[in-house]
Amino acid sequence: MHCIKKISDNLLWVGANDRRLAMFEGVYSVPKGVSYNAYLLLDEKTALFDTVDKAVQGRFMENLAEGLGGRKLDYLILQHIEPDHSYAVEAVAAKYPDVTLVLSAKAWDFVSQFFNLGDVKRIIVKEGDDLSLGTYKLHFVMAPMVHWPEVMVTYEEKTKTLFSADAFGSFGALNGAIFADEINFERDYFDEARRYYTNIVGKYGPQVQALLNKAQGLTIEMICPLHGFVWRKNLGEIIKPYTLWSKYEPEEQGVMIAYASVYGNTENAAEILASRLWEAGIRTVMFDVSVTPASEIISAAFKWSHLVFASTTYNAGVFVTMEALIYDLAAHNIQNRTVGVIENGSWAATSGKLMKDKLAACRGMRFVGETLSIKSSVKEEKLDELNTLAKAIVDSFKVDERP
């Protein structure tokens, strides 16, 4: 049975939710599920914005048929060809053989790589092109590398609606609501929006900035992303953090400590440091990298201004889960953070230098204090060095930025 939602006059959500998916893209846990959004605009001509993932294709096709109400589908606007948004293209083309695909040249290349559509009709659009549906007029804006090279977004001029592809999206199923203002977004979904951005799009901050600059030239009253909630009020609540994240500027002044500890001794050093920071009035959060999914730690690294990495030495290198995290952070283009380092090694501590070398290659990383090097466990004589590191971190906060 169909399940569609009315967005506004003549605009329907015809997507679907997936709450059984364990790992998005096989990498990112989605305990709250995920939505695959597709939108149907009804006018003299009908236009469908993107499709859905294989897992929910059946429900989507029911929704699309109900939304059309017996009308033919004139256009399928393909903004992003990643299969979680394009898998149902073949099914749509088979059921509505007169449909015309509207997409960028690069998107057509990808479509032909993923699917066998034969002689399907298509319109290749470029930056600034328009398409009239009758009352409604679509304006196409290219958004390469947000976060694939073929991506475009679409602006509808009459309703001032931005169909934003993967921009402004979020993990999390919709659970009956469709608008961000219907739920407590900050409490229940903001962390999932950050985790989505930082892990999926985070590497491409300059490209996101380019899209945000283009968006400033448009009067936008509603944002319809391909994952997560539709924004019709208080758009700054999602645009402002996107601006910070894409500039690699922290949301909050405080310290994130990520540690890798085999027998609890490196964890002990991290806990003592966290206690000293809290005593000095510095907000601090801690993550065990062997327990917490990397996607959550990457999200936190984008949130906080100061980062501390504490790792035991393992096989003459960095402990495996910490090494993976450091490489993952570098791959996601983390920048502009103040960083402290703690290493542990029973006979040859090398993890500190290796972590520093990898992080030093990231733009705007400022190391604070000396690397704190412990042998096996924290001894009384090391407390002065640990306190010195804590003081250096505290002193690195500007007075007017102290949390």
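Visitor: How many cavities of 30 Å³ or more does a search of the whole structure find?
Guide: This is a predicted model, where local features need pLDDT of at least 70, side-chain atom pairs count only at pLDDT 80 or more, and totals for chains, interfaces and linings use all residues. Residues are numbered from 1 along each chain as its sequence is written, and side-chain values use heavy atoms, without hydrogens and water. A cavity is a set of points on a 1 Å grid over the protein atoms alone where a 1.4 Å probe fits but cannot get out. At 30 Å³ or more, the search finds two.

Visitor: What volume does the largest cavity have?
Guide: Its lining, meaning residues with an atom within 4 Å of a point, includes Ser 8, Asp 9, Tyr 136 and Phe 163. By class, that lining has four nonpolar, three polar and two charged residues. The largest cavity has a volume of about 50 Å³.

Visitor: Which helix gives the most to the lining of the second largest cavity?
Guide: The second largest cavity holds about 30 Å³ of space. Among its lining residues are Leu 211, Lys 214 and Ala 215. With three residues, the most is given by helix 7.

Methods:
1 Å grid on protein atoms, 1.4 Å probe; cavity = no way out; pocket = protein on both sides within 12 Å on 5 of 7 lines; lining within 4 Å. Points joined across faces, edges and corners; volume = space filled by probe spheres on them. Nonpolar A, V, L, I, M, F, W, Y, C, P; charged D, E, K, R; others polar. Helix = DSSP H or I, 4+ residues; strand = E, 2+ residues; numbered from the N terminus.
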